[in-house]
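User: I would like to go through the packing in this structure. Could you take me through it step by step?

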Amino acid sequence: MVPVLVFAAISLVTLGGAIAVVTNKNVLHSAYFLVLAFVGVASVYVLLEAPFIAVIQVLIYIGAIAILIIFAIMLTRRLMSKDMEERNQQWIWAALGALLLFGVLGWLVYNANWPVIEAAVPKEPITLMGEELLSTYVVPFEIASVLLLAALVGSILIGREKDQESRSAE
Amino acid sequence: MSIPLSWFLVLAAALFSIGLYGVLSRRNAIGILMGIELMLNAVNINLVAFWRYIDPIKMTGQIFALFVFTVAAAEVAVGLALVIAIYRNRDTVVVEEIDLLKE
Amino acid sequence: MKEFFFNITWIIPVFPFLAFLIIILFTQGNKKLSHSLSIGSMVLSWLVGWGVVFSAIATPHLGEHPIHKSVPWFETGTTTFNIGYWIDPLMAIALFMVPFVCLMIFIYSVGYMGYGTDEVDPNYSRFFGYIALFATGMLGLVISENLLTLFMSWEIMGLCSYLLIGFWFEKNYADPNQITPRQAGLKAFLVTKIGDLFLVLGILYLYSQAGTLSYADTLFNHEFLVHLAETPALPIFGGWSAASAIALLIFGGAVGKSAQFPLHVWLPDAMEGPTPVSALIHAATMVSAGVFLVARIFPLLNIVVELEHNNPTMGVIAFIGAFTAIFASIIALAQNDIKGVLAFSTISQLGYMIAALGIGAYVAATFHLITHAFFKALLFMGSGSVIIGTHHTQDMMQLGGLRKKMPKTFWTFLAGGLALSGFPLITAGFWSKDEILAHAWEEFMHYGTASWPFFVWLLLTIAAFLTAFYTARQISLTFLGKPRSDHADHAHETPNTMTFPLIMLAFFAITLGWVGIPEEIVGQGNNWFHAFVGHEYASTPLSIPVILLSSGLAVGGLGLGWLVYGRKPLEAGQMDPLQKGMEKIRLGWLYKAMQKRFYFDEIYEAIFINGFIKLADIFYNFDYNWVINPIVNGVGAVTRGISNIFNKFDEKIVDGLVNFTGLSSVKLSDLGGITDLKVVDGIVNGIADVTGWIGENVFRPIQTGKVQNYLLILLISMLAIIGIYLVY
Amino acid sequence: MADLINLIENWLENLILGWGASQELTLFILQALGSVLVVIICFVIVIALIWVERKLAGRIQDRFGPNRAGPFGIFQSFADIIKIFTKEYITPEGAEKGFYNVAPVLAIASVLAIWAVFPFAVNVLGADIHVGVLYIVAVGSFGILAILMAGWSSNNRYSLLGASRSVAMLISYEIPMVVSLLVPVLLAHSMKLSDIISAQQPWWNLIVAPLAALVFLISSMAEIGKAPFDLLEAESELVAGYHTEYSGMKFGMFYVAEFLHQYTVGALITIFFLGGWGGPLAVQWPILGFIYFHFKTFVVYLVISWIRLSLPRIRIDAMLNLNWKFLIPVSFINLVAVAIADRVMLEFSVARWIYVGIMFGLNIFILLVSLFLAGKASPEVERETFPANRPVAVPPGTESK
């Protein structure tokens, strides 16, 4: 009974936060609700006995991504007047499509036969994960590092202001 | 373990649909990015749930979740840089107004 | 001692790699330290390498039991890739050649790049870093234990060739049509990449069949080879076996790297790099890598020949090689650039080796590979010495009379030239080339004149004659007669760092052939080279007619060349006698074509480069002028036309009808008017409105330019597809 | 008597079980009690700390500090508390009410959440999770969120500027902090805080990895945003940074959070580099461990205060330069070097004291080399040279000839 209640509470927080993210008029509020949704998802990971992923979720999504998003909102806030419409004309179709998709996914989940097994979580999950990362998944691991480097360089290049010469040339 | 797997999957599906709605309906480019983040989170819930319920001995699910984190971080960094660059050039972050290709 | 060398074989490419890292990272500022590091590392590699070579020679039955060691490098999925080394006779003889020639070239580079003079190159240290990396690639390729590390080394060399050919990247020429070093580097990189694509495909195909890439499990696993030869290939290859498909794909890589016929265009332009680079890359090592690769996969070719009698694989290889040999030697006749002649000569000699592999003369091909590396490096470095001695004069028409002024260069160049043309009995080139010709002769005797071995033999024989002729031409024009320009008049001998390697290489260019003298001449069982490298293949029997013929061709070619060019030396400004002669018999256009390399560069530009531009144009027009836009416009025009027609109909006919009824019946005119207004106009306007509405609200909104619209449509379509899937 | 804390816990557990509560409920009640206890202890400590800090600041700045309320001014903090509770809450016009009110709570919560995983003594710890170190880093990031919230919702330029600076600074200083935290993790081969403490029992990490300790000290001082890194609330530039608009207890919460954060950093340094609760007889007498822990933390706290009271504020570009061009490279090089040395010495299974000695030498070597390189790389600053006999204010009676 207790896990079910906990699950219900977490789902409520997560989904409520998510809905607030996509419907709130103020983008900044959306961003803070996004943090709330992320916290909910992190709790889901705790419920799934994956504390490492939960902590990483907090570290990356809240500590980095959410703060970056909030920062970006502040940098572009001049155009976000209160009376601006936050959703476009096709929102009703989008809502219908999303609902339909949810229906389809739910139907699939309900009808599928998952090969669930009852097994305990490994004792040293982080050690195991490190070993697998450096053996079975070493190539994706390296590619991920290259991807991060590329993203770092790319975002600096895209985001930096033009230097003085090219600006005066305009 | 009293919660069945399908509950997590339904939760993830709901989160995914909400994120999709956000992507399709927000006018603000940063709002769209937030929708994408929600969708990626939904995928991660699925990955970790499958790991826990179907193959908890190997860490494949968690490792894939880690890779999704990596991709999400890269995506946000580049995406926000693009948004800011567009804002500098065109003074707007409303995606409907960014339709140069049509004109 | 043997065990010691076999255990440290892996260290050979490590030395130059460390030298590269240190030079690039730390010692860019110190020229002396840089070249000392580079040469020092090469000396170490050379010592260890020859240690391994002589240990291998002293090991009996190395051919049947190659020594190989490997450690796991990384695993992905269920496969583990190893990194290691492989010692067999082929590797041993390549390892005999590569470090030594590299070392000689490194020493030579010190002088060529102007160390200690005013003309020292500003990027001197970087040059030594690059060539050290290059040596890493070549040595790694030679010792590698599987096709993956081989391919990696292969690509390291590709990168280095790009960097080194374009080493003088700041150079520009007044003539916009003359290719600049950086363009040449790019060209070499891109053209060889075409070949590399085939190589990758071949390796992937092999991997898909074997699940591993190590030599021990693939190329030297007889059962697997038989299995491969019995497996039909993918449908795209017709009815061939997988073995021949893989062999041809890998051969494609060799075509690119060894500058064989369709992909030969990069090598002549690569002469834009510094001359040591030409010697290193385009004579001694990198181009040899292609031949080495084909020799490596020779077991695969052999199995194809053994099990499938009508398979064209070997024929294709032999024919491409032979055609390249004759084609390049014809071009070489009319080149005036001292390095250009050598470049085409290299292409031609590589064609020899490929052709030899194609007719199954494995031993002869590897033999020629080694001897050619020595004398061609010698020739290139000799020409570099000439270039330095005459203050960067490369046009042979401007040279002449250097025999007295540069004696060391002359005598060593002469030795190399004689080896290249196959001067009978004493030179290395004679024995190796003779073995190839003898093998071709034997094949031709076996199959008769109506078969491809005959053509291969014929082409190779003619090429041998032409080789001797252009060698004589080059030596005569460069060294004999009187100087034809001020630079040549004031030529001086080059420093010892440049002449010492020449002398060393000249020694080997003469003597190296003696290890492969056929047993019939020196006594039973004394063809040492064959016994070491290819005991499992039948040795070619000595054939007196071939020896006589090839001696005659070599001497005849040299003699004819001397008659034309040497007897009456050219004066300054005089026309090439060959050109004069050909114009006399109305073949001037052919000479022109030869000089222009048979217009291959122009043809490729016309077909591929312009072709792609055309193709892009077509797509552009498809989008903007021909199809997409016209369709959109057409829909609009058609709806407008339809509504116009209805409008006309309304004006002309319906109005007329209404007037008529109005005139004929006043009473009915009210009613008719009402009918007209409400019904007919309604229909007409309605149709126009509907078409307009469709245009406005269906076709136009689809093209919103808003990304979210597209995404929404994507979602709906996906849902629709899922729906269809679920329903059915 | 030896194990006082666990004794009380067992007694309480039996008591509640005796009242007929289920096992789960008992655990829940005990954990809730423990949390409340930790929070109360924290606040009590903060009250004391404020007094200590002010007294210390006074002495360093050559004045008395609080000395009116009670002996040595000991009740000054309580007087302040009373004052702060009775002040008016002012909410500026145009502020976003919700965020404006949530921010101080979040600020203090983010600090308190870190205390959940601290091991206070050998068996006294809240949650011993596998990823303790990561947890600390992750939870700390909520603090940044709180600052951003406060800065944005105040509807004040100065607040927003302070918040923006804080993001630039806190995010960049998080990198060397995390990397230097990885060194103790590496040495203990675990991310559990209890493992890290027991791994450094005879030899503290301060000796094994002094460079990591130094980098961590500097970067965490930046994290708490106090002088010399107090750019987010620089009085002379930004009034008071992100909490300019706060008054009354809302300001008080930020204030408490700041002090508590400093104390928390002291605790972190104690855990990661000073052996945590370790000390003579700490294993047999956990209560001693508890005392050792807080004593060490207090010493580190005083050291941090001493530094911040002695140094002036750093310019923002210099601060970012220090981080990106010195701390981050040094911490990465240190991490790699320590990892290699650790692996090699484990391979050869050298004696413990040799291991420690080599590690210490390696750290000092890296520090000296990097300082030398940094000194070479830093630009020459042209300083104004004054004439030898320039007029200066000289105390009367000490004029030189």
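Predicted model: local features only at pLDDT ≥ 70, side-chain atom pairs only at ≥ 80, totals over all residues.

User: At what angle do α3 and α4 of chain C pack?

Analyst: Helix α3(C), residues 31-57, packs against α4(C) at about 160°, and their axes are 9 Å apart. Axes are lines fitted to C-alpha atoms, for helices over the stretch in contact, and angles run from 0 to 180 degrees between N-to-C directions. The two helices are therefore roughly antiparallel (angle over 145 degrees).

User: And which residue types make up that contact?

Analyst: The contact of α3(C) with α4(C) has 19 nonpolar residues, 4 polar and no charged. Ala, Val, Leu, Ile, Met, Phe, Trp, Tyr, Cys and Pro count as nonpolar, Asp, Glu, Lys and Arg as charged, and the others, Gly among them, as polar.

User: Changing topic, how many residues of chain C are in contact with chain A?

Analyst: On chain C there are 10 residues in contact with 11 residues of chain A (C-beta atoms, placed from the backbone, within 7 Å).

User: Which element gives the largest share on the chain C side?

Analyst: Helix α30(C) does, with 7 residues. Helices are DSSP runs of H or I with at least four residues, strands are runs of E with at least two, and both are numbered from the N terminus. That side of chain C divides into 6 nonpolar, 3 polar and 1 charged.

How values were computed:
Residues numbered from 1 in each chain as written. Chains lettered and ligands numbered in written order. Parallel < 35°, antiparallel > 145°, perpendicular 65-115°, else oblique. Contact = placed C-beta atoms within 7 Å.
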